[in-house]
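Please keep the sequence and the structure open while reading.

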Amino acid sequence: MCGIVGYIGRNRAGSIMLDGLKRLEYRGYDSSGMVVSDGKGFEQIKSTGRVVNLEEALEEPQLGGNLGISHTRWATHGDVTEANAHPHTSSDGKISMVHNGVIENHANMKKFLAEKGYTFRSETDSEALCNLIAYHYNKEPKDGEKNPFLEAVRKSLRHVNGTYGIAVICSDFPKELIGARKGSPLIIGIGNGENLLASDVNAITHCTQNVVYLDDNEVVHLKNDDFSITTVSSKSVEAVIHKVDWDTSEAELGEFDNFMQKEIFEQPNSLKNGMRGRFSDDDSTAVFGGLNLNAQELRQIDRILFIACGTAWHACLVAEHLIERFARIPVEVEYASEFRYRDAPLDKNTLVIAISQSGETIDTLGALREAKRKGYRTLAINNSVGSAIARESDGGIYQHAGPEIGVASTKAFTSQIMISALLALYLGRLRDLSYGDGVEIVKALRTVPEQVEELLKQNDKIASIARKYAKYEDCLFLGRQLMFPIALEGALKLKEISYIHAEGYPAAEMKHGPIALISEDCPSVFLAASGEIFSKSLANMQEVKARKGKVICIATKGCDIPDGLVDDLILVPECHEIVKPILMSIPIQLLSYHVALERGCDVDKPRNLAKSVTVE
Ligand code: F6R
């Protein structure tokens, strides 16, 4: 949420930051801006709307200068205006800053600073911190013993309640860049004669693959050729440099029209990558490198609590079904944002598992910390190496799905389900799941990438179905058991990218209220996988038809569907129970995608949303 790019070096800061902002736009896209310093002063440019507007507004000289900070915003405090766009510059013109997070005590800060003569041009909380840094800077003795700019940043941060990822420059220090984080991600990119700051590795992989992940309460002081890290309370910190092994082209569009399309079509690969090296055929089980829990310890687990938000929460619901079914361990699923502030009594042998694509979602991170504080063992299923959730959990499983840029999650969701299936297999084989059942599951999981590849060939057919339904303003997604979370995900996908009001329900629940919505203007998407309750799903479809509702049915091949019952039918291959949620997800993704395109929506940047939600 909000993207930050800062640069110091010998190259043109403006051009490099602009490139970085484009790669980060999925973090927020209501306005953007940059400040570049050429040693003589600050050049500032801001624009509302997409980064392309900033690019158009930028003039050649503004792209030069060897130091700069930039930002793409997702508004928290204050409307979407140029004045509220970052960077913010202190009223004395000395300090310029970009900020991601929320300064909770900004009102008190502003009051204090106003009394000292500082003025404010925006409605943002961030501008308060910027002026506070200026205030401390102006008070700091300039005796050459300490760096007054660095001291001022550290002093100011000690007064902050809330969260921040910041990049700051000072007009008196044209060869220095400072960054700090608490609760909002910030990464240092180590280049050759240049260094960068960013909220996300995507923004800097075109410049360097060497990164340092800043921890909470750390401050980095960067020059062209070196950098040092201290804590806010001035203790020095040893930096650990990591190599990002991403292929940079993974974050580029290539032949695709948009990232959502690219990521839907990448699923055969992302699923393969999630499974690679994770089977033991001899034991017909899964193997994981980073759980940091041995078989005996895992046998002690009596209960699992999953925590997550949004789509990842839907993946948790699938994990609940799979683990309860195949490993017979009771599972609970909580919204991370609720768990964090609830005093939920947990069994002492509970394992807490967070699922998060970005690994930076503040609600999930907060819930994970709360679970750790209470002494529970924690694991993370996560797609972002080095993210806060990955670093703070006791162990975990990386998804290896590759960068997900589209704001609406697709490949990360199916990959989270794949990892959950592997975990169900592994935990099951530590308990009562037989060798033979394990063999069947391994075989089923291995065929998923091929089956997804086949399913994607129905793209044109699903596009034509989508065209028929794009005009409706309401839609229900109905599914039972393992298909209920997929119904929820279908409704979320449709509403977030096409702005159609959509609800997901267990199909049988429909009779208890939602049936009131059924009419010829409210179609229903049924997720009707084969199995013992398939006939019950058919009965639910009859109920919809009897009320003139249109039925789009996504079913497994071989299911017997009476003539005339469904208006449109999409078939997925008949398959093992454990892979049904993955296969059934593909049509709902394509359906939502094509409906959104038909309605002229920007599928990669839906209104009001942003990837990686780093505010509560
Ligand atoms: C919806 C979507 C969100 C995320 C949620 C959690 O398409 O992407 O609902 O799933 O914000 O994000 P992560 O997985 O990064 O914690």
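The second largest cavity has 14 lining residues, and those nearest its centre are Arg73, Thr76, His86, Asp125 and Ser126. Here a cavity is a set of points, on a 1 Å grid over the protein atoms alone, where a 1.4 Å probe fits but cannot get out, and lining residues have an atom within 4 Å of a point. The model is predicted, so local features need pLDDT of at least 70 and side-chain atom pairs count only at pLDDT 80 or more, while totals for chains, interfaces and linings use all residues. Residues are numbered from 1 along each chain as its sequence is written, and side-chain values use heavy atoms, with hydrogens and water left out.

**Second largest cavity**

- Strand 4 (67-73) and strand 6 (95-100) are the elements that give two or more residues to the lining of the second largest cavity; helices (H or I, at least four residues) and strands (E, at least two) are DSSP runs numbered from the N terminus.
- The space in the second largest cavity comes to about 70 Å³, a volume being the space filled by probe spheres set on grid points that are joined across faces, edges and corners.
- Its lining has 9 polar, 3 nonpolar and 2 charged residues. Ala, Val, Leu, Ile, Met, Phe, Trp, Tyr, Cys and Pro count as nonpolar, Asp, Glu, Lys and Arg as charged, and the others, Gly among them, as polar.

**Largest cavity**

- The structure holds 2 cavities of 30 Å³ or more, and the largest cavity has a volume of about 90 Å³.
- The lining of the largest cavity consists of Tyr469, Tyr472, Cys475, Phe477, Leu494, Ile500, Pro523, Val525, Ile552, Leu591 and Val595.
- Strand 23 (474-479) and helix 19 (580-598) are the elements that give two or more residues to this lining.
- By class, the lining of the largest cavity has 11 nonpolar residues, no polar ones and no charged ones.

**Largest pocket**

- The largest pocket holds about 850 Å³ of space; a pocket is an open set of points with protein on both sides within 12 Å along at least five of seven lines.
- Its lining has 37 residues, and Cys309, Gly310, Thr311, Glu496 and Val613 lie nearest the centre.
- Helix 17 gives the largest share of the lining, 6 residues.
- Elements supplying at least two lining residues each include helix 10 (310-327), strand 20 (350-356) and helix 14 (411-429).
- Domain 2 (254-456) and domain 3 (458-616) each contribute at least three residues to the lining of the largest pocket, with bounds from an automatic or database domain assignment.
- The lining divides into 17 nonpolar, 12 polar and 8 charged residues.

**Ligand**

- There are 13 residues around the ligand, and Ser356, Gln357, Ser358, Thr361 and Glu496 come nearest; a residue counts if one of its heavy atoms lies within 4 Å.
- Polar side-chain atoms lie 2.6 Å from a ligand oxygen atom for Ser358, 2.5 Å for Thr361 and 2.8 Å for Lys493.
- On its own the ligand has 400 Å² of accessible area, and the protein covers 87% of that area, by the Shrake-Rupley method with a 1.4 Å probe.

**Backbone details**

- The peptide bond from His86 to Pro87 is cis, with omega near 0°, and Pro87 is in the loop between strand 4 and strand 5 (88-89).
- Arg328 is not a glycine, yet has a positive phi of about 55°; Arg328 lies in the loop between helix 10 and strand 19 (331-335).

Technical notes: A polar contact is a pair of N or O atoms within 3.5 Å; within protein, one must be able to donate a hydrogen and the other to accept it, and residues adjacent in sequence count only if both atoms are side-chain atoms.
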